[in-house]
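Please look at the sequence and the 3D structure below.

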Amino acid sequence: LVALGCALCTLGLVFLLALELFSPLSAALAVLVEAYGCNYELSPLDGVGYNGELAAMPPLLLSALLVARVLRGRTDPSHGGRRAAWLFFAGVLAACAALTKQIALIHTVPALLWLLLGEERTPRVDSRAEGVTCYLLGFAVPFCVVLTVYGVSGHLQEFVYYYERYGREIYMAPVTWTYMREKLQEEVTKYSFGLAAASVVTFFAMGRATRTLLGVSPRPAEGQRAASALARVQESAPILFVLSHWIGSIVGATFLFRFYGHYFLVCYPFFGLVTGYALGEAFDVVNDDRASRAIGGLVVVAGSILLLALADSSLERNVAWRRGDVRWDPWYQDPQSDPVVRYVQATTQPSDTIFVWGFRAETHVSARRYPASRFVYSVYLSGFVPWFRDATREEEARRVVPGSQELLLADLEGSKPELIVDAGDTMSDRYMRDIAPFRRYLRNKYCLMGQVAGEQVYRRRRGDECPPADAP
């Protein structure tokens with residue numbers, strides 16, 4: 001429900017932002033592109049699954065909307081306090097998005113650039129400086145709160161490590177120029193048609209923005225050249241704002257060179273806005289009278305809805321196919337049919353905690369059992385870096401987060417989970433039992449109950465004797 005709420009909020013904010021910046025037709029097209037991308041271009045696991053990118057989108061888009069409303073003149077310049085409050089809150093929301101997912105940091109740049117340009121009707125330098133100051137002050141508040149909480153609790157170094165150092169020192173450590181080149185070639189080959197379509201729309205939007213920057217209006221009746229270069233840039237600010245977000249989202253989604261689908265969730269809202277501008281504004285130019293624009297807009301929207309209907313039919317058939325025996329896919333099954341989930345539910349109480357090693361954190365949600373540790377994924381504990389399964393044991397031992405294994409053991413001793421599921425096959429065969437401290441802990445504190453769907457399961461010891469194995 002939380003994921004669905006975030007997805008619906010994102011759709012609504014894309015519509016409002018496009019409506020604020022461009023036109024109703026642009027807003028309709030932007031929403032259709034966003035809906036199509038997240039529901040049909042991405043798998044359900046990535047498109048509507050509860051990932052950090054999805055959670056970051058509502059505050060990020062709402063921040064952009066507030067900046068747009070201020071700089072598009074929706075606030076009375078004489079009400080300086082209201083303008084300052086809106087920009088301050090926009091900064092707070094941008095920081096919340098960045099604390100949710102680090103890649104959202106890059107989206108502060110378009111907002112700051114537009115604030116530095118200022119409004120066309122109030123181009124005073126002091127007004128621009130005030131806007132930037134309010135935004136940055138708001139941006140600083142959530143970070144100050146988080147840093148204070150971690151500092152008071154004595155865990156500030158850990159926060160800095162996980163927020164910044166881990167990605168730089170561990171996650172990106174195996175990446176080489178050869179790897180980057182090969183992955184880019186692979187992705188370009190795989191998605192050549194989509195990349196070509198996105199490039200055409202982007203260059204079309206950039207071309208229209210360039211005409212305005214050069215003082216050439218798309219409407220002949222409005223062909224007079226703007227008074228100054230600054231005035232022309234301010235006139236083009238809305239589309240430059242969106243293009244900057246769109247380019248920033250591509251950089252944020254790809255700079256790690258792990259092309260997980262959910263990394264691209266941030267791209268689709270801004271590509272929808274670019275598409276809405278490129279097609280919607282162009283359509284308005286061709287059809288000057290209101291009736292033609294209305295009729296034409298309805299035709300365009302109706303055609304787009306038909307495309308969504310066809311895509312939905314195709315997705316429904318694909319889901320049914322993957323749920324069948326021909327191409328069985330575990331991500332498309334009913335979670336309650338998972339043998340591990342059924343075993344956990346049958347052998348534990350709702351008040352019990354469990355620990356699942358590997359990439360199987362969804363077991364907690366599906367079985368309705370709380371995790372026994374702060375570590376719901378095991379990359380920090382094992383030194384495994386996703387997509388680099390050929391690393392040696394020595395390399396991975398050096399990549400283990402300092403102190404993480406001791407923290408896990410302390411968590412397990414504190415919560416005493418009834419079951420431990422060693423799902424190392426979900427993490428390229430990096431098993432809990434293969435790491436010396438954890439192997440000793442399992443031997444001393446737990447009993448092997450057997451295997452469930454290929455995963456070894458352990459039950460907490462009761463004294464010196466182990467209960468009889470109960471796993472099928």
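## Two helices side by side

The axes of helix H4 (residues 52-71) and helix H6 (residues 108-117) come within 11 Å and cross at roughly 10°. Axes are lines fitted to C-alpha atoms, for helices over the stretch in contact, and angles run from 0 to 180 degrees between N-to-C directions. H4 and H6 are therefore roughly parallel to each other (angles under 35 degrees count as roughly parallel). Val67, Ala68 and Leu71 in H4 meet Ala111, Trp114 and Leu115 in H6; contact means heavy atoms within 4.5 Å. By class, this contact of H4 with H6 has six nonpolar residues, no polar and no charged ones. Ala, Val, Leu and Trp are among the residues that count as nonpolar.

## About the model

This is a predicted model: local features need pLDDT of at least 70, side-chain atom pairs count only at pLDDT 80 or more, and totals for chains, interfaces and linings use all residues. Residues are numbered from 1 along each chain as its sequence is written, and side-chain values use heavy atoms, with hydrogens and water left out. Helices (H or I, at least four residues) and strands (E, at least two) are DSSP runs, numbered from the N terminus.

## A buried threonine

Thr10 sits in helix H1 (residues 2-21). At 2% relative accessibility, Thr10 counts as buried (under 20% relative accessible area, with a 1.4 Å probe and protein chains only). Leaving out residues up to four places away in sequence, Thr10 touches Glu34, Met57, Pro58, Leu61 and Pro269.

## The sheet

Five strands form an open sheet in the order E2-E1-E3-E5-E4, with mixed pairing. Two strands pair if DSSP finds at least two bridges between them. The edge strands are E2 (370-371) and E4 (446-452), and each pairs on one side only.

E1 (residues 353-358) and E2 pair in the parallel sense over two bridges. E1 and E3 also pair in the parallel sense, over five bridges. E3 and E5 pair in the antiparallel sense over four bridges. Five of the five residues of E3 are buried. Leu419, Val421 and Ala423 point one way from E3, while Ile420 and Asp422 point the other way.

## A helix across the strands

Helix H20 (residues 436-445) lies across E1, E3 (419-423), E4 and E5 (455-460) and runs at about 100° to E4. Which residues in H20 are buried? They are Phe438, Tyr441 and Leu442. Seen down the axis of H20, its buried residues fall within an arc of 95°, so they line one face of the helix. The arc is that of the directions from the helix axis to the C-beta atoms.

Note on methods
Angles under 35 degrees count as roughly parallel, over 145 as roughly antiparallel, 65 to 115 as roughly perpendicular and the rest as oblique. Buried means under 20% relative accessible area, exposed over 50%, partly exposed in between (1.4 Å probe, protein chains only).
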